[in-house]
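Hello,

Here is the structure you asked to take over. Please open it first and then read the notes below it.

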Protein chains: 2
Amino acid sequence: MAYHPNVPLPFDPVAEARRNWVASGWAGADAMVAATSIARAHQIMLARIDKALGPCGLTFSRFEALALLFFSRRGALPMGKIGDRLQVHPTSVTNTIDRLEEDGLVRRTPHPGDRRTVLAEITPAGRRVARRASAALAEVEFGLSGLSAEGLARLDEAIRILRREAGDFE
Amino acid sequence: MAYHPNVPLPFDPVAEARRNWVASGWAGADAMVAATSIARAHQIMLARIDKALGPCGLTFSRFEALALLFFSRRGALPMGKIGDRLQVHPTSVTNTIDRLEEDGLVRRTPHPGDRRTVLAEITPAGRRVARRASAALAEVEFGLSGLSAEGLARLDEAIRILRREAGDFE
DNA sequence: CAGAAAGGCTAGGATATCCGAGTATCGGTC
DNA sequence: GACCGATACTCGGATATCCTAGCCTTTCTG
C-alpha cells in the first residue's frame, strides 16, 4: 500500500493547496493541482505495485524491463533499445539489468556483429517470474483498484496527449 | 525537458505493450496501460519542473515543502505535519528540510511546549524564492503544457478518486 | 508516581533516476 | 589506410524516497 503512517486527513490536501495558491495570487493553479495529483498517484501506485511484486523479488522497474524482454522476438534486446522503449536513461538500464542478472532472470551476451553492443537476454527463470509477476500485478490492478474502467481510459487518454507532445512517439 | 536522448519512436510504446500483453493472455491490460502512463507522465513532468526550478536552486520536493510553509499561518510547521500534508515519509521531510536549511530558506526552531517537536520556519529569503519559483512553474505550466484545461481537470478528477480510495483524506 | 506505551525526529541502509565523464567500437572521410 | 565523429555501455556522483532502528520526550496506566 501507499505510505500511510497516519489517519486520513479530514480534508483534501490538494484542494487546500489550490485555495492557498489562488489566495496568494499565484498563477497556474489548475496545472499545479494536476501536477500534484500526478505525483501522488504515482506514489500510491508504485507503493502498491512494489508491495505486490515483493514476493517475486521484483520492483516495477525491473518488471518492466523483464516484460519487455519477454515480449521481444528473440527474448533479447540491446541495452540501448531497452532504454528507448522504457524511456529511461542508459545508466538506469545498466542498473536495472545488473539486478535482474544477479537474480538469474536475465543474462548479458555479446552482440554478434557489433562489439559495442550488449544484449540482455531473458532466461527460462526470467520467463517464469515474469508470468507470475504479471498475475500478481493484475491481481492488485496495478495499484489502481480505486478507478473504474472509464477512469483508467480517461487517464490514459489525457496522458497520451502529454506523451506525444513531449516527443515520446509520433 | 523530459529525458530524450533519441528521436521519437515511430509508434506509441505503451500501445505496443498493450498489444503484447493481451497477445500473451495476461490480464489487466487496461490497468497496465494506465499505470505505465502515470509513471511516464510523472517522469516527463518532473523533469520539466526540476529544470524550470533549477535557477531558483530548488527541486519540486523542496518547492512543495517551501510553499506549504509559505501558506501556513505562522510560516512554520512541525516536521510531522509537513509529512502529513505532503504525504511523504518522516525521513523524507528530514532530508528535504535539511537541504532548504542549508540554503537558508528555512530555519529549524524548537517547539515551545513540546521538546520532541521541531518546527520548520520559512525565512524571508525563503519567501522570496518561493514567489519566484511559483512564477517559474506557472511559466512552464508545471510541465503539463501539452494538456488543455479539460485534460487537466480530467486528470485531477480521476486521481482524486484514487487518492480518496487510498486513504489520503476523507 | 513509577513504569510502560505512544509520539516526534533523525541516522544509516537500500533502491531508482538522472547527469557528466570515460572507455571501447563502428563508420565515414580524405 | 589513418583519423575523427558518432554510438554503446559503464562508472562515480548527486537527489529523492522508502524502511528499520534508535534516542528523547510526552502521555497514559496501574
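In this predicted model, DNA strand D is surrounded by 24 residues. The closest of them are Gly80(A) and Thr94(A) from one chain, and His89(B), Thr91(B) and Ser92(B) from the other. Which helices supply this surface near DNA strand D? From chain A, α4 (79-86) and α5 (90-102) each give at least two residues, and from chain B, α3 (60-71) and α5 (90-102) do as well. The most comes from α5(B), which gives five residues. Sorted by class, the surface near DNA strand D has 12 polar residues, six nonpolar and six charged.

Next, the contact between the two protein chains. Chain A puts 62 residues into it and chain B puts in 61. On the chain B side, at least two residues each come from α1 (13-23), α2 (29-53), α4 (79-86), α6 (124-139) and α7 (149-165). What classes of residue make up the side of chain B that touches chain A? There are 35 nonpolar residues, 13 polar and 13 charged.

Now for how the two copies are arranged. In general, two copies of a chain are related by a rotation about an axis and a shift along it.

Last, the domains within one chain. The domain assignment divides chain A into domain 1 (1-56), domain 2 (57-139) and domain 3 (146-170). How far apart are the C-alpha centres of domain 1 of chain A and domain 2 of chain A? They lie 31 Å apart. The contact between these two domains takes six residues from domain 1 of chain A and 11 residues from domain 2 of chain A. On the domain 1 side of that contact, five residues are nonpolar, one is charged and none is polar.

Regards

Terms used. Residues are numbered from 1 along each chain as its sequence is written. Chains are lettered from A and ligands numbered from 1 in the order in which they are written. This is a predicted model: local features need pLDDT of at least 70, side-chain atom pairs count only at pLDDT 80 or more; totals for chains, interfaces and linings use all residues. Domain bounds come from an automatic or database domain assignment. Two residues are in contact if their C-beta atoms, placed from the backbone, lie within 7 Å. Ala, Val, Leu, Ile, Met, Phe, Trp, Tyr, Cys and Pro count as nonpolar, Asp, Glu, Lys and Arg as charged, and the others, Gly among them, as polar. Helices (H or I, at least four residues) and strands (E, at least two) are DSSP runs, numbered from the N terminus. A residue is near a molecule or strand if its C-beta atom, placed from the backbone, lies within 6 Å of it.
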